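This report describes selected features of a predicted model. It takes up strand pairing, helix packing and the surroundings of individual residues in turn.

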Amino acid sequence: MSAVVKAACVQVNAGTELQPNLDAAGDLVRRARDAGAEFITLPENVGWIVQGRAKTMARVKTEAEHPGIPFFADLARETGAWILAGTLGVLQDDQRVANRSYLFNPQGQAVSHYDKIHMFDVDLKDGESYRESATFRPGERAVVAATPWGGVGMTICYDVRFPYLHRALAKAGASIITAPAAFTVPTGRAHWHTLLRARAIETGCFVVAPAQTGTHDEGRQTYGHSLIIAPWGEVLADAGEGVGVITADLDMARVEEARRMVPALGHDRDFRVVRDGF
């Protein structure tokens with residue numbers, strides 16, 4: 001396996017229509033490849049961001065018909081890079097949508113995919129509310145994909161709040177965890193850096209988290225700050241709030257080093273919860 005891989009996060013501001021978003025993302029992927037990146041990641045909802053079920057259902061396609069899949073397959077072949085195609089909305093038989101992350105190898109093959117498990121159903125301040133489960137079907141399997149530099153554990157956005165998923169991925173062989181996201185501004189300011197650093201520290205994994213940024217359909221705003229984080233918790237690169245690309249070298253020896261110093265993945269204990277005084 002490769003000892004070091006240069007990873008990139010592509011940070012975009014997705015609009016409502018698929019092709020312009022794909023074209024913009026493709027240009028940034030090429031920029032990342034020109035900078036030497038071998039593993040290039042894109043954010044959640046890279047194809048489009050729209051508000052509400054009606055707009056989503058008007059745009060969504062089945063996997064066989066989705067233009068985003070051959071687009072990223074061709075882009076992987078063109079660049080010779082591994083590409084994590086953020087997420088694309090894929091229509092399912094029950095008329096719900098899978099929020100699906102695809103990993104393409106340099107031959108353009110979709111070698112793995114992961115459907116977001118945890119649905120973002122929240123009510124924030126100032127009337128900002130989301131019901132992802134009204135449109136999207138949660139996934140039922142966690143995924144670790146084999147790559148030349150080790151296992152890549154695939155997560156998506158709201159999954160970051162569930163440590164048990166990340167621990168399971170690390171125990172199943174992940175050395176890198178991907179977290180494509182479209183984080184809201186209020187939750188991003190409060191929690192984004194802290195949660196992602198915690199997931200890296202807890203698992204001894206690199207965390208690569210490409211994000212949406214800026215203002216989208218109906219004024220929705222996303223936080224930006226795509227991050228690449230080392231297994232000891234250091235932020236290796238932060239994209240800030242602008243559209244663009246960040247890169248960092250992932251030295252895979254650092255995974256074993258962090259886990260050797262704090263071997264928490266092997267320290268699980270069975271326990272029971274007791275409710276006293278209720």
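## Strand β5 and its hairpins

Within the hairpin formed by β5 and β6, where 5 residues lie between the strands, glycine 108 adopts a positive phi near 85°. The pairing of β5 with strand β6 (residues 110-115) is antiparallel and extends over 5 bridges, and arginine 100 has aspartate 115 of β6 as its bridge partner. A hairpin is also formed by β4 and β5, again with 5 residues between the strands, and here glutamine 95 in the turn has a positive phi of about 65°. Strand β4 (residues 88-91) runs antiparallel to β5 and is joined to it by 4 bridges, with leucine 88 standing opposite arginine 100 of β5. Strand β3 (residues 82-84) is likewise antiparallel to β5, although the two are joined by 2 bridges; isoleucine 83 has phenylalanine 104 of β5 as its bridge partner.

In a regular strand the side chains alternate between the two faces of the sheet. How many residues of strand β5 (residues 97-104) are buried? The strand is mostly covered, with 8 of its 8 residues buried. Val97, Asn99, Ser101 and Leu103 lie on one side, Ala98, Arg100, Tyr102 and Phe104 lie on the other, and both of these faces are covered.

## Strands β1 and β17

Strand β1 (residues 4-11) pairs with β17 in the antiparallel sense over 8 bridges, and in this pairing cysteine 9 stands opposite isoleucine 246 of β17. Strand β17 (residues 244-251) has one covered face, made up of Gly244, Ile246, Ala248 and Leu250, whereas its uncovered face carries Val245, Thr247, Asp249 and Asp251.

Strand β15 (residues 227-229) and β16 run antiparallel and are joined by 3 bridges, and isoleucine 228 has alanine 237 of β16 as its bridge partner.

Two packed helices are described by the angle between their axes and the distance between the axes. For helix α1 (residues 18-34) and helix α3 (residues 68-79), the axes come within 11 Å and cross at roughly 20°. With angles under 35 degrees counting as roughly parallel, α1 and α3 are therefore roughly parallel to each other, and their crossing is right-handed.

On the α1 side the contact is made by Leu18, Gln19, Leu22, Asp23, Gly26, Val29, Arg30 and Arg33, and on the α3 side by Gly68, Phe71, Phe72, Leu75, Glu78 and Thr79. By class, this contact comprises 6 nonpolar, 4 polar and 4 charged residues.

## Two individual residues

Methionine 57 is located in helix α2 (residues 53-59) and counts as partly exposed, at 22% relative accessibility. Residues up to four places away in sequence aside, methionine 57 touches Leu91, Gln95, Val97 and Thr135; of these, Gln95 is the residue with positive phi in the turn between β4 and β5, and Val97 is one of the buried residues of β5. The C-alpha atoms of methionine 57 and alanine 264, which are 207 residues apart along the chain, are separated by 44 Å.

Apart from neighbours within four places in sequence, arginine 220 is in contact with Ile49, Gln51, Tyr130, Ala182, Gly214 and Thr215. Arginine 220 and leucine 103 are 117 residues apart in sequence, and their C-alpha atoms are 27 Å apart in space.

Key. Residues are numbered from 1 along each chain as its sequence is written. This is a predicted model: local features need pLDDT of at least 70, side-chain atom pairs count only at pLDDT 80 or more; totals for chains, interfaces and linings use all residues. Side-chain values use heavy atoms; hydrogens and water are left out. Axes are lines fitted to C-alpha atoms, for helices over the stretch in contact, and angles run from 0 to 180 degrees between N-to-C directions. Angles under 35 degrees count as roughly parallel, over 145 as roughly antiparallel, 65 to 115 as roughly perpendicular and the rest as oblique. A crossing is left-handed if the near helix is turned anticlockwise from the far one by less than a right angle, and right-handed if clockwise. Contact means heavy atoms within 4.5 Å. Ala, Val, Leu, Ile, Met, Phe, Trp, Tyr, Cys and Pro count as nonpolar, Asp, Glu, Lys and Arg as charged, and the others, Gly among them, as polar. Buried means under 20% relative accessible area, exposed over 50%, partly exposed in between (1.4 Å probe, protein chains only). Two strands pair if DSSP finds at least two bridges between them.
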